[in-house]
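Colleague: Could you walk me slowly through the aromatic rings here, and then through whatever else you find worth a look? To start with, how many aromatic pairs does the count come to?

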Amino acid sequence: MSVSHFAVLSSCCRPRFAPSFRSRASALRSRIRCCTTLTSTSSETPTPTSVKKRVVSGVQPTGSIHLGNYFGAIKNWVALQNVYDTLFFIVDLHALSKATRSTAAIYLACGVDPSKASVFVQSHVRAHVELMWLLSSTTPIGWLNKMIQFKEKSRKAGDEEVGVALLTYPVLMASDILLYQSDFVPVGEDQKQHLELTRDLAERVNNLYGGRKWKKLGGRGGTIFKVPEPLIPPAGARIMSLTDGLSKMSKSAPSDQSRINILDPKDLIANKIKRCKTDSFPGLEFDNSERPECNNLLSIYQLISGKTKEEVVQECQNMNWGAFKPLLTDALIDHLHPIQVRYEEIMSDSGYLDGVLAQGARNAADIADSTLNNVYQAMGFLKRLIIDAK
């Protein structure tokens with residue numbers, strides 16, 4: 001697309017209104033509170049005759065998938081796939097990596113079922129990039145300049161070291177969500193602002209191009225995009241670093257000692273737990289603000305063992321670290337071993353994995369292409385012609 005074409009597109013997309021982040025953020029916070037109970041046991045559970053609502057989510061294939069990704073996202077997906085129409089993808093356009101196949105295999109090894117959920121690679125569905133371009137033409141630069149992650153990273157690295165993609169990738173994230181007419185999007189604390197932007201863009205496009213304006217162009221009218229709602233993970237699913245109980249477990253942390261990776265061998269798990277940060281208080285307890293590491297390690301044990309908080313308190317409150325760390329180590333190894341075995345089986349059968357990803361991409365493309373065609377039509381583009389290749 002030429003520069004002059006972009007200028008025309010930008011002109012035709014000039015906003016007639018500009019919803020503010022401040023007012024939208026307040027509305028989103030109230031919506032988030034309303035969605036905290038939407039789990040697999042929610043009253044939203046579909047009946048056999050109802051149409052399932054849709055959930056879309058993904059994880060970047062950078063670094064190693066760790067306990068934070070597992071409990072914060074992937075394990076929740078296993079429950080969600082039984083309740084919603086689900087699409088889970090490997091977000092390779094946000095961060096190119098050779099780990100794409102490995103990440104897909106981990107999804108499946110953790111229990112994501114391709115007969116219930118579509119599993120695919122983001123770059124295998126071209127509509128993601130096409131819609132991103134269209135949304136970029138309607139996105140005020142001021143909105144992107146306000147994104148916290150961009151401001152922090154650009155300030156640290158400097159303008160000469162920061163690519164344009166860092167500024168615009170929230171628009172790609174919005175495209176990832178809006179393409180599939182998502183009803184709900186699982187979000188963590190650090191992704192709320194990105195969902196606010198997605199919702200703003202959905203409403204902006206709906207107001208600029210939907211309704212009667214779209215109908216005059218031959219469309220069905222009404223809204224072009226669903227405005228997605230946040231789906232908050234269950235309380236307690238936030239896993240913190242092994243070296244700092246106030247920082248979340250992260251792929252980007254420089255020390256591998258700070259996290260338990262899903263594929264860590266048992267000796268490495270034992271070493272990490274043995275060396276993890278603790279404190280000198282007597283006994284073990286949840287929810288003491290002076291003991292963040294204690295709370296984190298007990299929370300990991302609760303999640304990995306499947307026990308209730310009360311059961312963990314009863315079992316561990318009088319333990320010292322010398323007794324608790326082997327208990328936590330054994331629980332982690334026992335829980336992760338079946339996942340690791342299944343992962344190796346999947347990675348050794350490339351035909352199976354390729355088939356899952358190909359079918360997932362076809363399922364996703366059917367939905368995405370329909371949305372993209374509606375956007376093209378509503379924005380006034382010439383209908384795409386199908387050319388037979390002979």
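Modeller: Happy to. Rings of Phe, Tyr and Trp (for Trp, its six-membered ring) pair if their centres lie within 6.5 Å; planes under 30 degrees apart are called stacked, over 60 edge-to-face, and the rest tilted. Please keep in mind that this is a predicted model, in which local features need pLDDT of at least 70 and side-chain atom pairs count only at pLDDT 80 or more, while totals for chains, interfaces and linings use all residues. Residues are numbered from 1 along each chain as its sequence is written, and side-chain values use heavy atoms, with hydrogens and water left out.

By the ring rule, the count comes to 9 aromatic pairs. One of them joins Phe89 and Phe120, a stacked pair with 5.4 Å centre to centre and 25° between the planes. Phe89 belongs to strand E2 (residues 85-90) and Phe120 to strand E3 (residues 117-121), so this pair ties together parts that are 31 residues apart in sequence. Helices (H or I, at least four residues) and strands (E, at least two) are DSSP runs, numbered from the N terminus. Both Phe89 and Phe120 are buried, where buried means under 20% relative accessible area, exposed over 50%, and partly exposed in between (1.4 Å probe, protein chains only).

Trp321 and Phe324 form an edge-to-face pair, at 6.0 Å centre to centre and 70° between the planes. These two residues are 3 residues apart in helix H14 (residues 321-347), which means that about one helical turn separates them. Trp321 and Phe324 are both buried. Elsewhere, ring pairs link Trp77, Phe88 and Tyr107 into a cluster.

Some rings also have a charge over the face, which requires NZ of Lys or CZ of Arg within 6 Å of the ring centre and within 35 degrees of the ring normal. Arg204 lies over the face of Trp143, at 5.0 Å from the ring centre. Likewise, Lys309 sits over the face of Phe286, at 5.1 Å from the ring centre.

Asn206 lies in helix H9 (residues 192-209) and is buried, with a relative accessible area of 11%. Leaving aside residues up to four places away in sequence, Asn206 touches Thr223, Ile224, Phe225 and Val227, a contact being heavy atoms within 4.5 Å. A polar atom of the Asn206 side chain lies 2.8 Å from the backbone nitrogen of Ile224.

Helix H8 (residues 164-178) is another element to inspect. Its 15 residues should span 21 Å at 1.5 Å a residue, and the end C-alpha atoms are 22 Å apart, which agrees; the expected span is 1.5 Å times one less than the number of residues. Of the 15 residues of H8, 13 are buried. In the loop between H8 and strand E4 (184-186) you will find Gln181, which has a positive phi of about 50° although it is not a glycine. Gln181 is buried, with a relative accessible area of 15%. Asp287, also not a glycine, has a positive phi of about 60°, but at 56% relative accessibility Asp287 counts as exposed.

Methods: Polar contact = N/O pair within 3.5 Å; in protein donor to acceptor, adjacent residues only side chain to side chain.
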